[in-house]
Amino acid sequence: MPIIVIDPGHGGENRGGEYGEFVEKEINPIVAQAMKEHLEKFEDVTVFLTHEVDMDMTIKDRVAYAKEKNADFLYCLHFNLSVNHNLYGAEVWVPSRGELYSKGFAFAEIEMQELTDMGLFSRGIKTRLNDRGTDYYGILRYAAEMDVPCALIEHCHLDHAKDAFAVADGEESLKALGIRDAEAVAKYFGLKSEELGIDYSGYPVSQIPVPADIARPDETEPEVNEIELTSMDQETGMATIHMTASDSDSYIQYYAVSGDGGNTYSELLE
């Protein structure tokens, strides 16, 4: 019987990201509660929230709570913003070491499939290190210290038009995201629900190899990065180009094009 702990990111004086009508500390709990309620419709699963009221709670205490509950997984829920308001899509951050990396990545594959199925762009399943070579995000760092499987879910960017549909209906949209999260957990743990008429027993979960060392973010150049002029109309100045890029160990997230020698560029495109 898996024990699941859900952490609504931020709270108390820590408001999290803010954009328009959205404040992270207010919307994360809506997603978390919907996730919990949907998960509890499955059999043989116990679900806790790190906190059920708006309160200050340290990141370390959130992980300690999960450890105290003997959690089989801790899920930390968030939304994203970017400095220049030009990034969009969902991403999942996982621990960088050992079995925690393997478990985190295996879950994240299922979670990302849920989010892309609803139309969000995948920014990838990633690790991030600080200047000490440990996990950058505190929730993952403390989870590694306390040996708690963990994933940090950034559902979408609140400040970009391409992601607006995911939160367009306010509370209903947020609850829908929570249900998506719960479905990913149910698939990962092979749960079934007589109430919902769902049986995920034997659901295929990737067996991610345990890294021999730290699973570092890839900083090498892409193996393929090409642009080809396929046609050019000299009278109108209209050109057709074909761009190709691939990288076996990293995500190529966006591209942009310039028609004036790099003075200006298009918006970031998938």
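**Setting up**

The model is predicted; local features need pLDDT of at least 70, side-chain atom pairs count only at pLDDT 80 or more, and totals for chains, interfaces and linings use all residues. Residues are numbered from 1 along each chain as its sequence is written, and side-chain values use heavy atoms, with hydrogens and water left out.

**The whole chain**

Helices (H or I, at least four residues) and strands (E, at least two) are DSSP runs, numbered from the N terminus. The C-alpha trace spans about 70 × 45 × 40 Å along its principal axes. The chain has a radius of gyration of 20 Å, which agrees with the value near 18 Å that a compact globule of 270 residues would have. This radius is taken over C-alpha atoms, and the globule rule is 2.2 Å times the number of residues to the power 0.38.

Colouring by accessibility shows 46% of the 270 residues as buried (buried means under 20% relative accessible area, exposed over 50%, partly exposed in between, with a 1.4 Å probe and protein chains only). Among contacts (heavy atoms within 4.5 Å) between residues at least 6 apart in sequence, 71% join residues at least 24 apart.

**Helices α1 and α5**

Next, select α1 (residues 24–39) together with α5. Their axes come within 7 Å and cross at roughly 45 degrees. Axes are lines fitted to C-alpha atoms, for helices over the stretch in contact, and angles run from 0 to 180 degrees between N-to-C directions. The angle makes α1 oblique to α5; angles under 35 degrees count as roughly parallel, over 145 as roughly antiparallel, 65 to 115 as roughly perpendicular and the rest as oblique. On the α1 side, display Ile27, Ile30, Val31, Ala34, Met35, His38 and Leu39. Their partners in α5 include Leu174, Leu177, Gly178, Ala182 and Val185. By class, the contact of α1 with α5 has 12 nonpolar, 2 polar and 4 charged residues (Ala, Val, Leu, Ile, Met, Phe, Trp, Tyr, Cys and Pro count as nonpolar, Asp, Glu, Lys and Arg as charged, and the others, Gly among them, as polar).

**Helices α3 and α5**

The contact of α3 with α5 divides into 8 nonpolar, no polar and 8 charged residues.

**Valine 185**

Now centre on valine 185, within α5. Is this residue buried or exposed? At 0% relative accessibility, valine 185 counts as buried. Beyond four places in sequence, valine 185 touches Ile4, Met35, Leu39, Tyr75 and Phe107. Phenylalanine 73 is 112 residues away in sequence, with a C-alpha to C-alpha separation of 9.2 Å from valine 185.

**Helix α4**

Select α4 (residues 138–146), where Gly138, Ile139, Leu140, Arg141, Ala143 and Met146 are buried. The buried residues of α4 pack against β1 (3–8), α2 (59–68), β5 (73–80), β6 (90–93), α3 and β8 (150–157). Aspartate 147 follows α4 and has a positive phi, near 60 degrees.

**Alanine 256**

Finish at alanine 256, in the segment after β12 (238–246). Alanine 256 counts as partly exposed, at 28% relative accessibility. Leaving aside neighbours within four places in sequence, alanine 256 is in contact with Tyr265, Ser266, Glu267 and Leu268.
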